[in-house]
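Here's a quick tour for anyone meeting this structure for the first time. Have a look at it, then read on.

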Amino acid sequence: MSEGEMMAPGAAPTKARSSRGSKALAWWKRLADPIGGDAASLARLRRARTALEVLEVRAAVILARQLGATGAETPDWQRRDILDLARVLAHVKEHDPSRRPMQAAGWQTFVGDRRESDVNESDRPKLGEARFRRLLETGKGEEKVAAFTRLIALMDGVAKVDDLANDFLHWNHPDLGNRVRERWAFDYYHASSAAPLNPSNPTEDAE
Amino acid sequence: MTYDLRYECWLPWRRASGVVEWASMATLVDRISEDPVVALATPRPDFDGAVQEFLIGILTTALGPADESAWLALWKNPPSVERLQAALDSLPPAFDLEGEGPRFFQDLSAADFADSEPGPIEQILIESPGDQTVKLNKDLFIKRDRAVQFGRPAAAMALLTLQTYAPSGGQGHRTSLRGGGPLTTLAEPRVDSEGRFTAHVKPFWHKLWANVETQAAWSARSPATRRTPTDTRFPWMSPTRTSEKGKAPTTPEDVHPLQVYFGLPRRIRLEFGEGGRCDLTGREDSVTVTGFRMRNYGVQYQGFEHPLSPYYRTKPGEELLPVHGKQGGVGWRDWLGIALRTTDGGLREPAAAVAAFSRRADRVRVMNPRLHVFGYDMDNMKARGWTEALFPTFAVDEERQVVLMHTAASLTNAAGIASTALLGAVKSALFQDDENVRGDLTQVRSDLWAATERDFFAAMGALAAPDLDQEGAEALAEARRRAFATVLEARAAEVFDRWCPTAGLAPAVLKRHVTSRYNLVTTLRGYSKLGEKLFDALAIPLPGGGQAARRKTRSRKEAAT
């Protein structure tokens, strides 16, 4: 394709959400607010290395409660996942609602069968292809936290917080995780308009 | 011994109540108000098909309605069993399966077969493995010795099925009157006023009668120069018109036009034996058939137009050829050629019986009959499969017929192009080197045709609506074509996703998947060369005016900055 402009209507519409992602966004906005926020907590979350250290930051516990993960019936791994999310989001400096994570980090034009040397410098991805592939193979736990944190750093702290949060939380789900990776691939290669529509897009929580 | 098929109980009839009854031919109209016969219940679909065609031929010959009003009278008031039986009685004695005289669908000259070795009766079934296959032990799926002996009913059915659909069988073994493995299309009139299918409760009589020719019709298709003093309706009443080297083929000028229903391409004599159980029907018979003798150079038919099959020409003015079943079965892709008369130089002709019924539709108040399509899919001598389908048809005037035809052609072409794009996308997503993919992926295309069938017939039905005037129909046709582009995109994407799941794909393969789906979707939206071809087939405007126009716009934009 020689065109760089957006294709015909067909890209997945963003729906109004009361999903975990939008709750995480609200949580982050309050903390990151330059006036009434809590920079100290964010700093402590960034430095936290163990579960205990995270739990000592009240803001993290609040996030867990808001995402409905403080009851006795919540499995351990789910609680830990949310605490990890708190650590990751603490690295975000600016919320950009206009582009999903891989749309921002990936190719800015569809390359397809063209030679990569024919593509403009400005269209090249911030996240190199080899790194993108390794990113897709990220597992769970600390490895996942590190990968997402590095990604945010690469994007100079700018991210679409609600999508990032949803993707993080779905990453290890047997079905949804696959759909997240699928969506990331379409976004990364600037093929979002050709991605399958629902139910392949985790635009809302399944639980 | 004789076994006269006009009296014997050799046909399995199913009644509306579900009861299956082995009875005589005339039982077709027995208790037609209380519990009518609604279908045949033979052991095999090819028997069902061939016997139906045979019965249509018998009714045409025995009851012989002179013209359309005679036809209408019997449509409204089917004959009694007695009347039908009397009509059968008055036919020549051509229905004895095993007597000394002319034998039903067998060669008259028994002496000619004295030197032939009888082969197993099973080989009379079209899909059975032949001698060569058996010798080489290649009968892997359809094995030998499935049916070692037949009762006389099954033998009669099998014999007439072979003669009706005969594929090529080697040196001098002739194909049927319509070539090897023809496609048959019958009008199925049993629908109610809402268009709902009622064949399970309405008399089979009407389905058969709907396809019966009048004397006026078959006289019209008989050339004026026909030269037969003798009765050639049932070819086995006379010595076979053989076709050895140097002999002329048999044409419509040589025989009675009704012989089309009783074609005799193969020279066969059945071998009869002791009583026993039929391996096909499970019923006992006092005489069984264990083998048959066959000779080659039977009747070679040429130039006939069978009323129950559609025909086509490769070029205007060329000879008409009978349509045969295609690989992958029959679907809406074929509907245009078998349901509508095309005006592109008359390249496709629906079956004469179907065309005739569409003219009768008004008088019998069956506005949207179904089209029952069936036949073997042959690969030369091998039977690949049996295809059968039931399609809608629409009774519309000439003017509207043209709208339907053009729209159907447009949608059919477009789906063909879309299926090419889809196949390419699936190949490139699944295989690293998609140029040299081996293996059969035609199922991908079939999936798209299957997925779009409903939308196609919905469009045809909408265009055929009686409360629409001609101008409205033309406007609706354009809207439907535009809408179909969206349909094709959605369905093709669904088929693609089914064939190319992403679960657990390695990142490198995922990239290929993304690229393939992107190329597919953008093509179906009218971009790329193939996409422009697609939109051209649909006769709808290209996005942004097409690639050339978009380039111009872009260079204007660039020049301005």
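## How confident is the model?

pLDDT is the predictor's confidence in each residue, running from 0 to 100. It matters here since what you're looking at is a predicted model. Chain A has a mean pLDDT of 87, with 86% of its residues at 70 or more. Among the elements of chain A, strand E2 (residues 158-159) has the highest mean, 97, while helix H3 (residues 51-55) has the lowest, 89.

Two stretches of chain A call for some care. Residues 1-17 of chain A have pLDDT below 50, and the model gives this stretch 39 contacts beyond near neighbours in sequence. Residues 200-207 of chain A also stay under 50, with 23 contacts beyond four places in sequence. Where pLDDT is low, the predicted coordinates should not be read in detail.

## Where the chains meet

The contact draws on 28 residues from chain A and 20 from chain B. About 2,100 Å² is buried between the two chains, and carbon and sulfur atoms give 61% of that. There's one salt bridge across the interface: Glu129(A) pairs with Lys511(B), their closest N and O atoms 3.0 Å apart. Six residue pairs are in polar contact between the chains.

On the chain B side, helices H13 (507-524) and H15 (547-560) each supply at least two residues. H13(B) gives the most, with twelve. By type, the chain B side splits into eight nonpolar, six polar and six charged residues.

## A look at Leu468(B)

Leu468(B) sits in the loop between helices H11 (442-463) and H12 (470-499) of chain B. Leu468(B) counts as partly exposed because its relative accessibility is 22%. Its contacts include Arg400(B) and Leu476(B).

Technical notes: Residues are numbered from 1 along each chain as its sequence is written. Chains are lettered from A and ligands numbered from 1 in the order in which they are written. This is a predicted model: local features need pLDDT of at least 70, side-chain atom pairs count only at pLDDT 80 or more; totals for chains, interfaces and linings use all residues. Side-chain values use heavy atoms; hydrogens and water are left out. Helices (H or I, at least four residues) and strands (E, at least two) are DSSP runs, numbered from the N terminus. Buried means under 20% relative accessible area, exposed over 50%, partly exposed in between (1.4 Å probe, protein chains only). Contact means heavy atoms within 4.5 Å. Buried area is the accessible area (1.4 Å probe) that two parts lose on being put together, summed over both. A salt bridge is a side-chain nitrogen of Lys or Arg within 4 Å of a carboxyl oxygen of Asp or Glu. A polar contact is a pair of N or O atoms within 3.5 Å; within protein, one must be able to donate a hydrogen and the other to accept it, and residues adjacent in sequence count only if both atoms are side-chain atoms. Ala, Val, Leu, Ile, Met, Phe, Trp, Tyr, Cys and Pro count as nonpolar, Asp, Glu, Lys and Arg as charged, and the others, Gly among them, as polar.
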